[in-house]
Amino acid sequence: MDKKDIVATAQAIGRLNLWEKVAGKVWGVTLETDTRPFLVTAALDPGDGPIAGRLLVFRGFDAFRDFRIFSQNPELGVAMSPLDFEHWEVVGLKNGGAELYAFAPGFVPVKPPPEDAAFLASVLYESYGLLMRLEEQPDLPLEFKDESSLFARREGLDGKWRDAPLKAPDLPRVLYVERVALAKADCEAAAKLPVARDEIWEIDFLQSPVFRTAEARPRILYLFAGVDAASGRRVLWDRMSVGSGGLKEMWESLAARLLKAFLARGGVPGAIHVRANRLVRFVRPLGLQIPFKLVQHAKLPALEGVLAQAVSTKTI
């Protein structure tokens with residue numbers, strides 16, 4: 001096998017079919033040519049589809065930390081799925097095949113560009129060798145746990161690879177600060193609108209990977225949608241894609257977008273139902289300005305019906 005051929009190495013990893021044995025294990029790969037280590041972890045795919053497991057590669061401890069936080073509590077941060085993290089994946093198929101993709105927040109996964117091959121070749125080839133060792137030594141990633149370090153494959157100045165400890169740095173606990181800005185004039189205008197106490201809106205912020213922009217690197221559609229719970233009438237339908245401010249900027253814009261929907265409607269609903277606690281977090285600042293009830297529900301039947309029809313009729 002040509003160790004510089006990243007596709008061939010990914011396919012070799014798929015043929016090993018060790019996903020159940022290596023799921024959840026973490027290791028590092030450090031290159032002489034890169035100041036940040038690569039963190040690698042394997043995961044089983046819980047679905048009934050063709051995917052058996054995934055090998056995820058992250059550049060740097062901060063990127064890996066963010067993903068681990070999301071895995072433990074998806075409501076924290078702004079990521080809505082693993083698509084929203086910059087990383088690379090070997091997607092292992094149940095038929096023994098494998099595919100290799102590069103991920104960037106807000107974008108459709110693509111084949112890794114040529115410039116990625118220089119570092120991916122080493123990361124994948126060293127991971128392939130480690131996976132074969134794990135079949136006989138399942139506890140190998142814990143070899144340096146007494147040193148409070150991860151197991152890693154490290155490239156030396158002589159070009160040779162060796163087992164070595166990889167100690168995680170002290171990373172800040174605060175990932176970022178969320179800021180929700182509302183125009184004073186819009187808040188004052190909305191405060192004068194009538195409140196329909198019996199009117200309920202169901203709203204949600206959704207990621208729709210099936211729908212994408214027509215660009216060289218397509219972006220994923222994100223939809224801020226809302227309907228009247230009684231009639232199913234659309235009251236909010238903002239289609240968005242990631243911009244220079246990233247996913248955080250989109251989340252921070254939702255309260256202002258909802259405020260604009262009140263002004264366009266000429267009234268404020270008595271209650272707004274949402275599904276996710278994260279949406280509560282980003283909309284609550286508006287609730288401090290305008291007197292509506294914000295209620296979390298496991299299901300939003302009216303909105304779900306409208307969304308299903310929009311997908312089937314291609315009117316999303």
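# Pockets, packed helices and positive phi

Helix H3 (61-72) and helix H6 (246-265) each give at least two residues to the lining of the largest pocket. The model is predicted.

Q: Which element supplies the largest share of the lining of the largest pocket?
A: H3 does, with six residues.

Q: What makes a residue part of the lining of a pocket?
A: A lining residue has an atom within 4 Å of a point of the pocket. For the largest pocket, 21 residues line the space. Ala 63, Asp 66, Asp 84, Phe 85 and Pro 105 lie nearest its centre.

Q: How much space lies in the largest pocket?
A: The value is about 520 Å³.

Q: How does the lining of the largest pocket divide by class?
A: There are 12 nonpolar, one polar and eight charged residues. Among the residues nearest the centre are Ala 63, Phe 85 and Pro 105. Ala, Phe and Pro count as nonpolar. Asp 66 and Asp 84 also lie nearest the centre. Asp counts as charged.

Q: What is the volume of the second largest pocket, and which residues lie nearest its centre?
A: The volume is about 370 Å³. Of the 21 lining residues, Ala 43, Leu 56, Phe 67, Ser 71 and Pro 82 lie nearest the centre. Strand E2 (38-44), strand E3 (51-59) and H3 each give two or more residues to this lining. H3 gives the most, six residues.

Q: How does the lining of the second largest pocket divide by class?
A: It has 12 nonpolar, five polar and four charged residues. Ser 71 is one of the residues nearest the centre.

Q: Why are H1 and H4 called roughly parallel?
A: Helix H1 (residues 6-16) and helix H4 (residues 117-136) pack at an angle of about 20°. Angles under 35 degrees count as roughly parallel. H1 and H4 are therefore roughly parallel to each other. Their axes are 9 Å apart.

Q: Is the crossing of H1 and H4 left-handed or right-handed?
A: H1 passes H4 in a left-handed crossing.

Q: How do you know which residues of H1 and H4 meet?
A: Contact means heavy atoms within 4.5 Å. From H1, Ile 6, Thr 9, Ala 12, Ile 13 and Leu 16 take part. Their partners in H4 are Ala 117, Leu 120, Ala 121, Leu 124, Tyr 125, Tyr 128, Leu 131 and Met 132. By class, this contact has 12 nonpolar, one polar and no charged residues.

Q: What makes H6 oblique to H7?
A: The axes of H6 and helix H7 (residues 277-287) cross at roughly 55° and come within 8 Å. That makes H6 oblique to H7. Roughly parallel needs an angle under 35 degrees, and roughly perpendicular runs from 65 to 115.

Q: Which residues of H6 and H7 meet, and in what kind of crossing?
A: H6 passes H7 in a right-handed crossing. On the H6 side are Trp 251, Glu 252, Leu 254, Ala 255, Leu 258, Leu 259 and Phe 262. They meet Arg 278, Leu 279, Phe 282, Val 283 and Leu 286 in H7. The contact has 10 nonpolar, no polar and two charged residues.

Q: What is the phi of Asn 17, and where is Asn 17 found?
A: Phi is near 50°, a positive value in a residue other than glycine. Asn 17 is in the loop between H1 and helix H2 (19-22).

Q: What is the phi of Lys 314, and where is Lys 314 found?
A: Phi is near 55°, again positive in a residue other than glycine. Lys 314 is in the segment after helix H8 (301-312).

How values were computed:
Residues numbered from 1 in each chain as written. Predicted model: local features only at pLDDT ≥ 70, side-chain atom pairs only at ≥ 80, totals over all residues. Heavy atoms only, no water. 1 Å grid on protein atoms, 1.4 Å probe; cavity = no way out; pocket = protein on both sides within 12 Å on 5 of 7 lines; lining within 4 Å. Points joined across faces, edges and corners; volume = space filled by probe spheres on them. Helix = DSSP H or I, 4+ residues; strand = E, 2+ residues; numbered from the N terminus. Axes fitted to C-alpha atoms, helices over the stretch in contact; angles between N-to-C directions. Parallel < 35°, antiparallel > 145°, perpendicular 65-115°, else oblique. Left-handed = near helix turned anticlockwise from the far one by under 90°.
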